[in-house]
Amino acid sequence: MAKEKINMPQLGESVTEGTISSWLVSVGDTVEKYDPIAEVMTDKVNAEVPSSFSGKIVELVADEGETIEVGNLICYIETKGSLEAAEESSSNDKPEAPVEKDGVGSSDDEDQPMKKRYSPAVMRMAQENDIDLNQVQGSGRGGRITRKDIEKIMASGDLPKASDAPKQKGQGEGSQPAKETKEEAPAPQPAKQTSGPQPTANEGDIEIPVTGVRKAIAQNMVKSKTEIPHAWMMVEVDVTNLVEYRNSVKEDFKQKEGFSLTFFSFFVKAVAQALKEYPQLNSTWAGDKIIQRKAINLNIAVAKENELFVPVIKDADDKSIKGIAKDITDLAKKARNGKLTNDDMQGGTFTVNNTGSFGSVQSMGVINHPQAAILQVESIVKKPVFMNGMFAARDMVNLCLSLDHRVLDGLVAGNFLARVKEILETMTKENTSVY
């Protein structure tokens with residue numbers, strides 16, 4: 001009977017794989033085209049995967065917790081056409097009994113045909129914790145061992161080791177050899193760790209499995225620090241005039257527009273303007289070439305409990321300070337409510353991080369791969385500054401730039417920071433409009 005394939009979609013620029021967080025359907029469920037069938041997590045976004053067809057789900061190939069490369073199969077669906085054809089067949093027809101290729105009858109494992117097919121995530125967790133998968137009872141489809149099974153075992157503290165395995169039937173003296181089939185290869189044994197022994201927990205320690213968004217962030221950060229030669233620069237900016245201007249209009253703005261006018265929106269506007277003048281910062285390393293992006297799409301970091309997302313303000317250079325403030329508010333609200341879409345996360349060309357919201361005054365950001373730079377906006381603090389022959393209390397902020405030294409050098413990065421500094425220091429009520 002004809003079946004259609006549903007593959008892992010491309011869920012973001014530069015995304016190469018996704019992890020099935022949860023299935024929203026079961027085998028036998030009928031879905032319409034574009035109905036969500038699974039929740040998938042990548043290093044950029046959590047998204048729902050829609051069905052490509054209308055029909056009935058007949059097989060879920062990927063398990064929850066399994067990481068699948070873009071374009072690879074995740075499930076099968078019978079389309080409505082094939083379902084109508086199936087209804088015309090006799091209801092008394094019975095499927096043929098499965099036949100082993102070598103003619104041998106069913107084995108003891110036939111009730112769990114998927115048991116010895118392990119996902120990369122399961123294999124990795126078994127290797128890191130020296131777990132004998134042959135002794136694990138899987139709860140997935142066909143007895144397959146899922147990541148949740150391994151996490152449950154790790155939480156219990158009772159880790160099955162290879163030395164704990166009892167003798168298998170047929171291994172005792174005088175017994176007959178166990179039956180063999182050609183359908184299944186022997187289960188792969190966990191490999192020895194080559195990176196040295198892993199730390200172990202002591203009494204009273206808490207072990208927290210690295211899963212979900214935290215795992216995706218960790219993988220992307222390792223990729224960034226491994227592939228990108230980071231360099232770092234910082235400038236100190238006097239934003240006294242900006243602070244006075246914003247504070248003088250924030251209440252009227254909030255009452256009129258219904259959302260807050262934050263300091264961060266002024267910084268994002270200044271960065272977008274400077275990127276237009278120094279497009280080298282708005283670039284991507286592409287092996288044998290550098291791609292200089294025309295669109296200025298700025299990633300900003302927003303948090304939801306322990307999860308961090310970096311949605312995008314599209315065409316930030318064409319927007320007013322009010323427009324940027326509205327985008328910041330909307331994206332933060334969508335992140336908190338779990339409503340960020342694939343489009344919200346795609347297309348970023350440069351990242352601006354508001355580390356000052358945590359009270360930080362100096363930091364070194366890790367570049368959002370594959371971009372060429374990230375700017376950290378630190379806390380605005382009162383400092384004594386010598387000017388016009390005397391000391392005065394001024395509002396000062398540090399701007400910290402991490403750059404890809406393959407793409408950028410100190411000259412262009414320094415000029416860019418100097419331009420951002422100039423724009424911010426001249427933002428006053430007389431020459432700057434939020435509209």
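This is a predicted model: local features need pLDDT of at least 70, side-chain atom pairs count only at pLDDT 80 or more; totals for chains, interfaces and linings use all residues.

Q: OK, so is Lys-3 buried, exposed or partly exposed?
A: Lys-3 has a relative accessible area of 40%, so it is partly exposed.

Q: Which residue does Lys-3 form a salt bridge with?
A: With Glu-59, and their closest N and O atoms are 3.9 Å apart. The pair links distant parts of the chain: Lys-3 sits in the segment before strand S1, Glu-59 is in strand S6, and they are 56 residues apart. Glu-59 is at 25% relative accessibility, so it counts as partly exposed too.

Q: How many salt bridges are there by this rule?
A: The count comes to 15. One of them joins Asp-343 and Lys-314, with the closest N and O atoms 3.5 Å apart. Here as well, distant parts of the chain are linked: Asp-343 is in helix H8, while Lys-314 is in the loop between strand S15 and helix H7.

Q: Changing topic: what share of the residues is buried?
A: Buried residues make up 40% of the 435 in the protein chain. The chain has nine helices and 19 strands.

Q: Which residues have the most contacts inside the largest nonpolar core?
A: Leu-298, Phe-350, Leu-401, Phe-416 and Leu-424, in a core of 57 residues. Helix H6 gives the most to this core, with nine residues. Apart from it lies another core, of 19 residues, including Ile-6 and Leu-60.

Q: And where is Asn-282?
A: Asn-282 is in the loop between H6 and strand S10. At 1% relative accessibility, Asn-282 counts as buried. Beyond residues up to four places away in sequence, Asn-282 touches several others, among them Leu-275, Ile-291 and Phe-350.

Q: Last topic, helix H3. Which of its residues are buried?
A: Arg-147, Asp-149, Ile-150, Ile-153 and Met-154. They cover an arc of only 160 degrees around the axis, so they are on the same side of H3.

Q: What's on the face of H3 turned away from the buried side?
A: That face carries the exposed residues Lys-152, Ala-155 and Ser-156. Just after H3 comes Gly-157, with a positive phi of about 85 degrees.

Note on methods: Residues are numbered from 1 along each chain as its sequence is written. Side-chain values use heavy atoms; hydrogens and water are left out. Buried means under 20% relative accessible area, exposed over 50%, partly exposed in between (1.4 Å probe, protein chains only). Helices (H or I, at least four residues) and strands (E, at least two) are DSSP runs, numbered from the N terminus. The arc is that of the directions from the helix axis to the C-beta atoms. A nonpolar core is a set of buried Ala, Val, Leu, Ile, Met, Phe, Trp, Tyr and Cys residues joined through side-chain atoms within 4.5 Å. Contact means heavy atoms within 4.5 Å. A salt bridge is a side-chain nitrogen of Lys or Arg within 4 Å of a carboxyl oxygen of Asp or Glu.
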